[in-house]
Structures are given as C-alpha cells and as structure tokens.
Amino acid sequence: MANGQLNGTDLGVYIAGTLVAYSTNATININQSPRSTTNKESGGWEENMEGLRNWDVSVDALYAWLDPDGNAISNETLSEIFTGYMYSRTKFELTFGTTGSTSGDTKYVGDAWLTSISLTAPLEDTATFSASFQGTGSLTQTIAP
C-alpha cells in the first residue's frame, strides 16, 4: 500500500474460500433502500428513513480450462461456478477483499446466491466470463488488527 492507496489487484472474490481464477475486475455494492415517511406536513418535500439493506458482488475473469503450464486450475473456474452453484442451486459463503492478516486488511463476508453468468468469446481475443452474486442476509466487515 503506497501512500495509503490500495492496489485493486490485492482484492479478490472467494467462493466458499476459493479464489475466482484469473479475475480481472470485481465490484461489491452495498445498498440501503430508504422508506418513505413523506406526509401532508412535509411541505412538498420527500422525507425518508432507513430501510432494507442488501448487497451484491460481480466479478469478471479470463475463461480458461487449464493453467499456463497445462495443469488443472486450482481456483474457481466458470465450469466449477456453474456446476457447483448455478446448476445445483447452492447457497455459499462469499468473501470480497483480502485474505491476508496484515494490519488493516479488510474483507466482507456473507452468504450469497449465484444469479447470473455470461461468457464472452470475441474474435481473436481472450475469452472472458462474468458472474453476479446476490447476498442473502447480513454482510460482515472484518478488519485485521
């Protein structure tokens, strides 16, 4: 971490503790939907209070069957994500962040469902895939001491 800035390469998406293989981009969204409390005494202005919270994660990755040496990939690939979580309709623990124990390392952990997968195969370019996950229940933030 230089000048307090975190390199995005240090953050990953982990499905049931296993890193999504060859990830190139990841996003976590944490939302709160306000509930309206607008009434006739609001003077024509919308008023709100806290409401339901939700979270979701998306990841983009290179599509591969083998590692560069021709060996099986030990992290989560598109095939494993599809068969393990979409096809089987299985909920899992999802982690977004670092897995280290360096002081200040932060991760977000919660149960999630796989909601979509897309595969892109451009002409004479690297094939990629995207996966989206919807959190169910609470999301926990952990910061290493």
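Visitor: Let me start with a detail: is Tyr-63 buried, partly exposed or exposed?
Guide: Tyr-63 counts as partly exposed, because its relative accessibility is 27%. Do keep in mind that this is a predicted model.

Visitor: Noted. How many aromatic pairs are there?
Guide: The count comes to 4 aromatic pairs. In one of them, the rings of Tyr-63 and Trp-65 have centres 5.9 Å apart and planes at 75°.

Visitor: Why is that pair called edge-to-face?
Guide: Because the planes stand at 75°, and an angle over 60 degrees counts as edge-to-face.

Visitor: And Trp-65, buried or exposed?
Guide: Trp-65 is exposed, with a relative accessible area of 68%.

Visitor: Which residues do ring pairs link into a cluster?
Guide: Tyr-85, Phe-92 and Phe-133 are linked that way.

Visitor: Let's follow Phe-133, then. Where does it lie?
Guide: Phe-133 is in strand E9. Its relative accessible area is 2%, so it is buried.

Visitor: What does Phe-133 touch, leaving out residues up to four places away in sequence?
Guide: Its contacts include Val-13, Ile-15, Val-57, Val-59, Phe-92 and Leu-94. Asp-56 is also among them, as is the run Ala-112, Trp-113, Leu-114 and Thr-115.

Visitor: How far is Phe-133 from Asp-111?
Guide: C-alpha to C-alpha they are 9.6 Å apart in space, and they are 22 residues apart in sequence. Asp-111 itself sits in E8, opposite Glu-93.

Visitor: How many bridges join E7 to E8?
Guide: There are 6 bridges between strand E7 (residues 92–97) and strand E8 (residues 106–120), and the two run antiparallel.

Visitor: Pick a residue in E7 for me. Is Thr-95 buried or exposed?
Guide: Thr-95, which lies in strand E7, counts as buried because its relative accessibility is 9%. Leaving out residues up to four places away in sequence, Thr-95 touches Gly-12, Val-13 and Tyr-14, along with Lys-107, Tyr-108 and Val-109.

Visitor: Which residues of H1 are buried?
Guide: Leu-78, Ile-81 and Tyr-85 are buried in H1. They cover an arc of only 75° around the axis, so they are on the same side of H1. E1, E7, E8 and E9 are included in what covers the buried residues of H1.

Visitor: Changing topic: how many salt bridges does a search of the whole structure find?
Guide: The search finds 1 salt bridge. Glu-50 forms a salt bridge with Arg-35, and their closest N and O atoms are 2.8 Å apart.

Visitor: Which parts does that pair tie together?
Guide: Glu-50 is in the loop between strand E5 (48–49) and strand E6 (53–62), while Arg-35 is in strand E4 (residues 35–36), so the pair ties together parts that are 15 residues apart in sequence.

Visitor: Are the two partners buried, partly exposed or exposed?
Guide: Glu-50 counts as partly exposed at 42% relative accessibility. Arg-35 counts as partly exposed at 42% too.

Note on methods. Residues are numbered from 1 along each chain as its sequence is written. This is a predicted model: local features need pLDDT of at least 70, side-chain atom pairs count only at pLDDT 80 or more; totals for chains, interfaces and linings use all residues. Side-chain values use heavy atoms; hydrogens and water are left out. Two strands pair if DSSP finds at least two bridges between them. Helices (H or I, at least four residues) and strands (E, at least two) are DSSP runs, numbered from the N terminus. Buried means under 20% relative accessible area, exposed over 50%, partly exposed in between (1.4 Å probe, protein chains only). Contact means heavy atoms within 4.5 Å. The arc is that of the directions from the helix axis to the C-beta atoms. A salt bridge is a side-chain nitrogen of Lys or Arg within 4 Å of a carboxyl oxygen of Asp or Glu. Rings of Phe, Tyr and Trp (its six-membered ring) pair if their centres lie within 6.5 Å; planes under 30 degrees apart count as stacked, over 60 as edge-to-face and the rest as tilted.
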